[in-house]
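Biologist: Could you take me closely through the pockets of this model, and say what lines them? I would like one connected account.

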Amino acid sequence: MAELVMVHGIGPEDETEEQLRTDWVRALTRTLRENGRQEQADRLHEGSASVAMAHYRSLFAPYVPQDDWDMPFPEQMALTSEAVGENIMDNIHRHASDPLDSAEAARELSELRTEIGPEQGPYAPVRLVVAMLGRLGPIARSGFAALSSTGVFHLGQVAAYLDDESVREGAIESVLSRVTGDTKAVIAHSLGTVVAYEALHRLDRPLPLLVTFGSPLGLRSVIRERLRPQPLRTPDQLKRWVNIADRDDYIVSTLRLRTLFPETDDVLERTHMVKNANGNPHAALEYLKHWETVAPLAQVL
């Protein structure tokens with residue numbers, strides 16, 4: 001039975017459960033050791049602390065493009081993908097640490113709203129969004145690099161979760177099937193924070209800790225209003241929620257997630273800010289290098 005359950009985000013469809021689990025445990029172990037938590041590091045490394053990865057990448061298989069022009073997801077998913085991409089560009093405009101990035105994002109947004117018209121096919125706008133994201137340096141370094149099937153597919157994974165009930169329920173079940181009475185913490189990245197949020201609302205037993213990082217939970221007009229249940233609130237069985245963000249991780253919807261929840265909510269803490277490597281500010285392994293991310297886990301493991 002897993003003491004620690006990990007929930008991945010968007011990424012390559014062929015990235016395996018064991019590969020993700022191994023990479024995350026290695027990163028956690030290194031950070032624990034670097035911060036004087038040798039005992040907890042040894043337990044993770046040696047396997048005496050059981051760790052599970054909630055893996056749902058296979059659910060996206062029907063939506064994997066065969067090439068840059070083959071978009072196998074329905075028109076509604078294209079529209080959702082476009083909206084997610086536009087929200088990401090707006091995030092860059094609002095909280096980029098570099099004013100030049102902010103200004104460039106504003107220009108791209110203006111161009112986007114001018115160029116997209118009703119005469120275009122349903123997939124043209126999302127391809128245009130991915131191309132614009134590729135011109136924005138920080139996003140390009142975060143995996144939305146060019147007008148390509150890869151970039152469209154990454155946005156499409158968010159759309160598939162929101163628009164395909166079988167994907168949504170399958171992802172939620174991947175979390176619930178691994179959380180048991182022995183589970184002390186769930187850690188989640190990117191889209192995985194959305195999956196974890198919805199899954200933990202169905203939990204029928206106490207959970208001491210949730211750690212989220214690189215979260216799009218508050219993404220305006222796309223995710224926030226479609227989360228379940230509404231209105232936003234922390235899961236009833238959750239005792240503590242720690243959220244971590246990098247200002248230059250533009251998948252992060254807001255740097256003050258706490259403000260989207262009721263004032264009486266004392267479970268979700270103020271967001272802890274970190275600075276990831278410039279080359280990939282959204283990467284899960286970058287977040288796991290920071291003591292701010294790992295310290296809450298060290299307290300419960």
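**The pockets and their linings**

Modeller: The largest pocket has a volume of about 370 Å³, where a pocket is, on a 1 Å grid over the protein atoms alone, an open set of points where a 1.4 Å probe fits, with protein on both sides within 12 Å along at least five of seven lines; grid points are joined across faces, edges and corners, and a volume is the space filled by probe spheres set on the points. This is a predicted model, in which local features need pLDDT of at least 70 and side-chain atom pairs count only at pLDDT 80 or more, while totals for chains, interfaces and linings use all residues. Residues are numbered from 1 along each chain as its sequence is written, and side-chain values use heavy atoms, with hydrogens and water left out.

Lining residues are those with an atom within 4 Å of a point. The largest pocket has 20 of them, and the closest to its centre are I10, G11, H189, A283 and A284. By class, this lining holds seven nonpolar, 10 polar and three charged residues, with Ala, Val, Leu, Ile, Met, Phe, Trp, Tyr, Cys and Pro counted as nonpolar, Asp, Glu, Lys and Arg as charged, and the others, Gly among them, as polar. Helices α1 (17–34) and α10 (284–287) each supply at least two residues of the lining, and α1 gives the most, with three residues; helices here are DSSP runs (H or I, at least four residues), and strands are runs of E of at least two, both numbered from the N terminus.

Helix α1 also takes part in the second largest pocket, to whose lining α1 and α2 (38–46) each supply at least two residues. The volume of this second largest pocket is about 170 Å³, and α1 again gives the most to its lining, here with seven residues. The residues that line the second largest pocket are R21, T22, V25, R26, T29, R30, R33, L44, H45 and G47, which divide into two nonpolar, four polar and four charged.

As for the surrounding fold, six strands form an open sheet with parallel pairing, in the order β2-β1-β3-β4-β5-β6, two strands being paired if DSSP finds at least two bridges between them. The edge strands, each pairing on one side only, are β2 (51–54) and β6 (272–274). Within the sheet, four bridges join β4 (residues 209–213) to β5 (residues 241–246), and T212 stands opposite N243 in β5.
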